[in-house]
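Please open the structure in a viewer and keep the selection tool at hand. The stops below are arranged so that each selection can be made in turn.

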Amino acid sequence: MLKRGGVSLEKIGFIGAGSMAEAMIAGLIKGGLFQPEQIIVANRSNTERLQELTKKYGIETTHNKEKIVQDATTIVLAMKPKDIKAGIDGIQDHIDDQLIISVLAGISIETMTSLLGKQAAIIRAMPNTSATIAKSATAIAASEDVTMAQIKKCQSLFEAIGICKLVEENHLDAVTGLSGSGPAYVYFLVEAMEKAAVEVGLEPDVARELIVQTLLGASEMIASSDKHPSQLRKEVTSPNGTTEAGITILQQKGFEEALISCVKRATERSHELKTMFSEALVTTDK
């Protein structure tokens with residue numbers, strides 16, 4: 001553990017140096033939760049990426065993942081899900097009372113425990129890509145070995161890059177289908193609105209600004225109002241007016257049903273992928 005002026009400082013280590021790891025690092029430093037010297041990151045072989053992170057954030061980097069587990073009290077697993085077995089291999093003997101946080105989609109706590117070969121304090125987290133601008137909607141689920149103090153620590157880490165909610169692990173598939181994939185649904189909506197704007201005669205750059213501000217404003221209205229979104233919608237929808245005409249088309253085209261089906265299918269797919277990962281890892285481990 002790092003010391004400054006005789007005082008021990010907690011360290012956090014990342015195994016994996018991709019975009020999610022960087023988003024968390026940026027949020028932790030900007031939010032003042034950790035100083036650069038308290039953060040260490042490892043990847044398998046991409047030295048250029050590690051040098052980039054060191055230059056940008058002043059953090060320590062290494063290819064030695066065992067060093068991370070030995071030095072840090074919180075370990076974030078941030079490699080690609082398919083690399084989980086390779087990522088864990090070699091660190092099992094060094095796992096004691098560290099908190100392990102996984103941001104790997106589709107890898108269950110049971111699977112990680114099996115790969116570690118021992119009980120450990122494991123938290124699964126499902127952030128989304130808005131973490132890169134500190135606007136992530138993150139949900140976490142904890143193993144039985146995790147203490148309330150560790151849960152609060154984990155929540156503070158993800159609150160540095162957005163909001164964080166504690167859920168049961170069996171709800172993480174739904175979280176994946178809703179907020180994990182959610183940014184893509186919004187981007188798809190914007191794509192359609194931009195196409196419509198051009199077709200009714202607006203310049204693309206003007207349309208983009210109007211659409212973005214409309215989304216920001218509507219989101220802020222929902223966040224700041226006690227009213228249900230349906231009530232806010234009704235307040236914008238005058239009888240026989242332009243909004244009612246547009247909403248009527250959305251209803252006729254099955255907009256609500258399509259979006260509900262979208263979230264449900266993404267949730268189902270998350271469960272399917274989790275099962276596939278689990279079966280593949282078990283088979284490989286034999």
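A salt bridge, as the term is used on this tour, is a side-chain nitrogen of Lys or Arg within 4 Å of a carboxyl oxygen of Asp or Glu. The model is a predicted one, in which local features need pLDDT of at least 70 and side-chain atom pairs count only at pLDDT 80 or more, while totals for chains, interfaces and linings use all residues. Residues are numbered from 1 along each chain as its sequence is written, and side-chain values use heavy atoms, with hydrogens and water left out.

**The whole chain**

Begin with the entire chain in view. The C-alpha trace spans about 70 × 45 × 35 Å along its principal axes. Colour the chain by secondary structure to find 12 helices and 10 strands; helices (H or I, at least four residues) and strands (E, at least two) are DSSP runs, numbered from the N terminus. Of the 286 residues in the chain, 39% are buried. Here buried means under 20% relative accessible area, exposed means over 50%, and partly exposed lies in between (1.4 Å probe, protein chains only).

**Salt bridges**

How many salt bridges does the count come to? The count comes to 17. Side chains of opposite charge can pair when their charged atoms come close.

Select K82 and D83 for one of these pairs. The closest N and O atoms of this salt bridge are 3.3 Å apart. Is K82 buried or exposed? K82 counts as exposed because its relative accessibility is 60%, whereas D83 is buried, with a relative accessible area of 16%.

Next, select K67 and E60, whose side chains meet in a salt bridge at 3.6 Å, N to O. K67 is partly exposed at 27% relative accessibility, and E60 is partly exposed with a relative accessible area of 30%.

Then move to K227 and E235, a salt bridge in which the closest N and O atoms are 2.7 Å apart. K227 is partly exposed, at a relative accessible area of 41%, and E235 also counts as partly exposed, at 43%. Now select K11, E60, K67 and D71 together: salt bridges that share partners join these residues into one network.

**Two helix pairs**

Select residues 19-30, helix α1, and residues 47-57, helix α2. Their axes come within 12 Å and cross at roughly 15°. Axes are lines fitted to C-alpha atoms, for helices over the stretch in contact, and angles run from 0 to 180 degrees between N-to-C directions. Angles under 35 degrees count as roughly parallel, over 145 as roughly antiparallel, 65 to 115 as roughly perpendicular and the rest as oblique. Helices α1 and α2 are therefore roughly parallel to each other. Their crossing is right-handed; a crossing has this hand if the near helix is turned clockwise from the far one by less than a right angle, and is left-handed if anticlockwise.

For the second pair, select α8 (182-199) and helix α9 (residues 204-224). These helices pack at an angle of about 135°, with their axes 9 Å apart, and are therefore oblique to each other. The crossing of α8 and α9 is right-handed.

**A nonpolar surface patch**

L189 lies in helix α8 and is partly exposed, with a relative accessible area of 33%.

**A mostly covered helix**

Turn to helix α5, residues 109-116, where 6 of the 8 residues are buried. Which residues of α5 are buried? They are I109, T111, M112, T113, L115 and L116. Just after α5, select G117, which takes a positive phi of about 75°.

**Two loop residues**

A134, although not a glycine, has a phi of about 60°. A134 is placed in the loop between β8 (121-126) and β9 (136-142), and is partly exposed at a relative accessible area of 35%. N240, which is not a glycine either, has a positive phi of about 65°. N240 is found in the loop between α10 (229-236) and α11 (242-252), and counts as exposed at 75% relative accessibility.
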